[in-house]
Amino acid sequence: MNEQHLGKLSQELNIDITRIAATAKLLDEKATVPFIARYRKEVTGGLDEVQIAAVRDRLGELEALDERRVSIVASLQERKLLTAELLEAIGAAETLSRLEDIYQPHRPKRRTRAMMAQERGLAPLADYIFEHQDAACSAEAAKYVVLTGEDADKLVPTVEDALKGARDILAERFSDDTEVRAAMRSLFEKDSLLRSKVMSGKDEEGAKYRDYFDMVEPLAKIPSHRLLAIRRGAAEGFLSFRIEVEEEAALPILKNRFLKGRGEAAAQVDMAIEDGFRRLLAPAMETDLRLQSKTKADEVAIRVFCDNLRELLLAAPLGQKKVLAIDPGFRTGCKVVCLSPQGALLHDTVIYPGMGGTKDAEATRMIQGLCKHFEIEAIAIGNGTASRETEGFVRAAGLPANIAVVMVNESGASIYSASEVAREEFPDKDITVRGAVSIGRRLMDPLAELVKLDPKSIGVGQYQHDVDQNRLKDGLDDVVVSCVNGVGVELNTASRELLKYVSGLNSRLAGNIVSHRNANGAFRSRKELLKVAGMGPKTFEQCAGFLRIRGSEHPLDASAVHPERYALVERMAKDAGCTVADLLQSDECRRRVKLEKYVSEDVGMPTLLDIQQELARPGRDPREQYEAFSFAEGVHSIDDLREGMSLPGIVTNVAAFGAFVDIGVHQDGLVHISQLSDSFVKDPAEVVRVAQRVRVTVMEVDKARKRISLTMKTAREDGKPMQRGGPGRPDAGAAKGLRPAQGSAPRSGAANSPRGSSPAPRSSQQNNRGGSFGNSLGDLFK
C-alpha cells in the first residue's frame with residue numbers, strides 16, 4: 001500500500017486518510033464495493049458505494065501512473081540518459097501529462113528535421129545563435145557550409161541552409177521544453193477554440209450535422225454531447241474539426257522564455273519559436289486536447305448512461321403475479337404466453353386480432369379463455385409495432401376489471417430471444433415465444449430480466465458506441481452489481497445471469513450454484529452454500545448477506561443480516577426473552593433491545609442500526625411500489641397528435657440536452673432541456689428520470705420526419721398559463737398513476753431515446769429557440 005497514494009487520495013476526496021487506508025486494505029483483500037459499503041461501515045467510517053468506488057478507481061489510476069513512471073525510467077536507463085535531476089523530476093510528476101512532458105525531450109523519435117540538422121553538425125551553430133542573441137550570426141553560419149562530401153545528406157550548400165538547420169534544432173528544443181509544454185497545455189485547456197467545418201461536397205449527405213458545418217466554440221465550454229456529435233460527424237466523413245488557440249496568446253509564452261536579445265541571432269530565434277509553435281507544439285497540444293476532451297466527454301456520457309440504467313433496473317416490479325404477455329405484430333400475429341408467478345412458461349400460442357371477421361372473435365375468445373384458465377392477474381404488452389392496436393383490442397375484450405393491462409418497454413427483447421441464455425432455457429421454442437416471455441418477466445421483475453442483456457442493448461445510453469468501451473463496460477457493470485446487491489437475490493429462484501452479479505460471485509460460481517440447486521433441491525440455509533463447488537469461506541463472506549432464502553431453517557436467512565452477525569442477533573433475542581423469529585415479527589420484542597449494549601470493538605452503531613432496520617422489515621425490497629399506467633385513449637399514432645394536446649407519458653431516456661418521452665405513438669418525443677420546467681434547468685437528471693410518469697404538451701409535430709417536440713412547462717414564455725387541450729384533447733383521467741414532473745426527485749438519472757443513438761442538438765442554441773425543432777433538430781435523430 002503506497003502511503004503517498006493514500007495521502008493524495010485523502011486530499012482529493014476530502015476523506016480522512018485512515019478511512020482511505022482501511023478501504024484500500026479491504027479492496028486489496030478482494031472485498032467488493034457492495035460488501036464494504038454494507039457490512040464494513042465501522043472499518044471505513046461509513047463510506048458509501050460511490051466513495052468506495054472512487055477510492056478504488058483513483059488508486060488504479062495512480063498505480064497505472066507508477067507503472068508508466070517505472071517504464072520511462074527503464075527506457076532512460078537502457079539508453080544511458082537517466083540523470084539524478086531527471087529521476088527526481090520523474091518521481092515528482094503528479095499527473096500523466098506532466099510525466100510525459102518531462103519524458104518528451106528524451107522520447108525515442110522518428111527521424112526529425114532537427115535530427116537531420118544535428119547529423120550535419122549544426123548543433124553548435126544552434127547553440128551559438130541561442131547564446132549570442134545580440135550578435136550577428138551569418139558569419140558564424142558560413143563556417144558550417146559544406147559543399148562537397150561522400151554523404152549528400154550531410155552537405156550544407158548555403159549559409160541559409162545552415163541557419164535553417166539551426167532553427168530546426170532550436171524549434172524542437174523549444175517545443176520539447178517541459179515548462180513551456182505545461183504552460184501551453186494550460187493555455188489550450190483554458191482558451192482553445194474548437195472549429196468544425198463541413199467536408200467539401202458533403203453538405204447534403206451530412207445534413208443532420210448542419211449545426212456544425214461552420215461552428216466555433218470554446219472547448220472548455222462545449223457540452224459533452226455536442227463534442228461527441230462533432231467527433232461522430234468527423235468519423236463518418238462529414239465534418240472536420242480543429243482545436244486551436246490564438247497565436248497572439250501563445251507565442252508570448254515562448255518568446256518570454258527564449259527570446260533574449262535584439263540582434264541578427266535573435267531574429268533567427270524568433271523564427272525558430274514561430275516555426276516550433278506552428279509545426280510542432282500546437283499540433284502536439286491539439287492531439288493531447290483531442291484525447292483529453294474526448295475522455296471528459298466520455299465520462300459525462302457514461303455517467304448519463306449509468307444513471308439511466310440504474311433507474312431502469314430499479315423500476316418498480318409488479319411482483320409474483322400470474323401474467324399473460326403479448327409480443328404484438330400485424331402480419332405474423334401476436335405471440336401470447338402465460339407465465340406462473342415465478343416466471344415459468346405455462347402456455348404459448350398466436351392470435352390474429354385486427355384481421356377482421358372470425359379472426360377477431362377467435363382472438364377475443366382465446367384471450368378470455370387463457371385469462372380464466374390460468375387465473376391471469378396482469379397482461380403485459382410489448383411497446384413495439386402494433387402495440388397500441390393490441391392494447392385497444394385487449395381492453396375491449398371484456399376481461400375482468402381487476403386484470404391490469406400494462407405497456408412494457410421491449411428494448412433489447414429481440415436480442416435476448418436470440419441469445420444463448422434464451423436458447424438454453426427454451427430450446428424448443430422459437431425467438432418470438434422467448435421474446436414474449438421476456439416481456440412478461442420484465443413486468444414482474446425488471447431487474448431479474450434485464451440483467452440477462454448486455455446493458456448496451458437496452459437503449460438508454462447517449463453516444464454509447466462512441467465512448468471508451470472499456471470504461472463504459474466497467475461503469476455499467478458497477479451499476480448492475482450495485483442494483484442487484486441493493487435489492488438482494490432469492491437464492492432458490494434466481495437465474496445464473498442474476499446470481500453472477502452478486503457480491504463475490506462470477507459466472508462460473510453462479511453456474512455451480514444453479515447446478516447444485518438442480519441436483520440437490522432448494523437450499524435450506526445459507527450455510528449450505530459452502531457445499532457448492534468453488535465456494536470458499538472468503539467468497540461465502542462476500543455473497544451470503546445478499547442472498548435470501550424464504551422459509552429457511554434460520555429466520556435471518558431471508559433478511560440482509562449477515563451470517564457473521566447471527567450470534568449477535570441470537571444474543572439480542574435471548575436478552576429480550578424471545579426467539580429470533582419473535583424479533584422479526586414483534587415490535588414489542590424489538591423495543592426491548594437496547595442497541596448501546598451491543599457496541600463492541602467489531603460492531604458499532606452503524607451496523608446495529610442496520611440490523612435493527614432489517615429486523616423490522618426483513619428482506620425489504622427498496623424499489624418503489626408498482627403503479628399501473630395507461631397512455632391516452634384514442635392517441636395511437638403520430639397522425640393522432642395535435643399541437644396543444646396534453647398527454648401522459650413515460651420518460652424513456654435522459655440526455656444532457658433533454659429527455660425523451662414515450663406517449664404511446666411508436667415514436668418518442670423530445671422534451672428539450674429548455675422545456676423541462678418553468679424554472680432554469682442545468683441538468684435534466686435533476687428534473688426527470690427514466691421510467692418516470694409525466695404529463696407533457698405537444699408543441700410541434702413533423703410527420704414527414706416523424707419528429708415530436710414536447711414541453712413539460714406549465715406556463716408560456718410570456719408568463720401566461722400553457723394552453724392545453726383543443727380538439728381531440730385526451731381525457732386527463734386516462735393516465736393512471738401519473739406523477740407530475742415538478743418536484744419529483746430522480747433517483748439518479750434517466751432512459752430510452754428515439755429508438756437509437758444520434759447526434760445531439762446544440763443545446764445552447766436550442767435553449768434560445770424555446771425547445772422547438774428549429775431548423776435542424778429533427779434531422780439530428782435520423
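**Close-up views of a predicted model**

**View 1. Lining of the second largest cavity.** Arg38, Tyr39, Arg40, Ala560, Val561, His562, Glu564, Arg565, Thr607, Asp610, Ile611 and Glu614 form the lining of the second largest cavity in this predicted model. Two elements, helix 3 (33-39) and helix 29 (605-616), each give two or more residues to this lining. Helix 29 has the largest share, with four residues. By class, the lining of the second largest cavity is made up of six charged, four nonpolar and two polar residues. The volume of the second largest cavity is about 100 Å³.

**View 2. The largest cavity and the residues around its centre.** The model has six cavities of 30 Å³ or more. The largest cavity holds about 630 Å³ of space. Its lining counts 32 residues, and those closest to the centre are Ala315, Met407, Asn409, Ile650 and Ala691. Helices and strands both take part: helix 15 (264-313), helix 20, helix 21, strand 8 (404-408) and strand 11 (646-655) each provide at least two lining residues. Sorted by class, the lining of the largest cavity has 18 nonpolar, nine charged and five polar residues.

**View 3. The second largest pocket.** At least two lining residues come from each of helix 19 (420-425), helix 20 (431-444), helix 21 (446-450), helix 22 (469-487), strand 9 (489-490), helix 23 (496-499) and helix 24 (507-520). Helix 24 contributes the most, with four residues. The lining of the second largest pocket comprises 17 nonpolar, 15 charged and 11 polar residues. Helix 20 and helix 21 are among the elements that line this pocket, and both also supply residues to the lining of the largest cavity.

**View 4. Packing of helix 1 against helix 2.** Helix 1 spans residues 3-13 and helix 2 spans residues 17-28. Their axes lie 9 Å apart, and the two helices pack at an angle of about 120°. Helix 1 and helix 2 are therefore oblique to each other. Their crossing is right-handed. On the helix 1 side, the contact involves Leu6, Gly7, Leu9, Ser10 and Leu13; on the helix 2 side, Ile17, Ile20, Ala21 and Ala24. Seven residues of this contact are nonpolar and two are polar, with no charged residues.

**View 5. Crossing of helix 2 and helix 5.** Helix 5 covers residues 49-78, and its axis comes within 10 Å of that of helix 2. The two axes cross at roughly 75°, which means that helix 2 is roughly perpendicular to helix 5. Ile20, Thr23, Ala24 and Leu27 of helix 2 meet Ile52, Val55, Arg56 and Leu59 of helix 5. Six of the residues in the contact of helix 2 with helix 5 are nonpolar, one is polar and one is charged. Ile20 and Ala24 take part in this contact, and both also meet residues of helix 1.

**View 6. Packing of helix 14 against helix 15.** Helix 14 consists of residues 247-258, and its axis is 10 Å from that of helix 15. The packing angle is about 130°, so helix 14 is oblique to helix 15. The crossing of helix 14 with helix 15 is right-handed. Helix 14 makes the contact through Glu247, Ala250, Leu251, Leu254, Lys255 and Phe258, and helix 15 through Val269, Asp270, Ile273, Glu274, Phe277, Arg278 and Leu281. By class, this contact has eight nonpolar and five charged residues, and no polar ones. Helix 15 also supplies at least two residues of the lining of the largest cavity.

Methods. Residues numbered from 1 in each chain as written. Predicted model: local features only at pLDDT ≥ 70, side-chain atom pairs only at ≥ 80, totals over all residues. Heavy atoms only, no water. 1 Å grid on protein atoms, 1.4 Å probe; cavity = no way out; pocket = protein on both sides within 12 Å on 5 of 7 lines; lining within 4 Å. Points joined across faces, edges and corners; volume = space filled by probe spheres on them. Nonpolar A, V, L, I, M, F, W, Y, C, P; charged D, E, K, R; others polar. Axes fitted to C-alpha atoms, helices over the stretch in contact; angles between N-to-C directions. Parallel < 35°, antiparallel > 145°, perpendicular 65-115°, else oblique. Left-handed = near helix turned anticlockwise from the far one by under 90°. Contact = heavy atoms within 4.5 Å.
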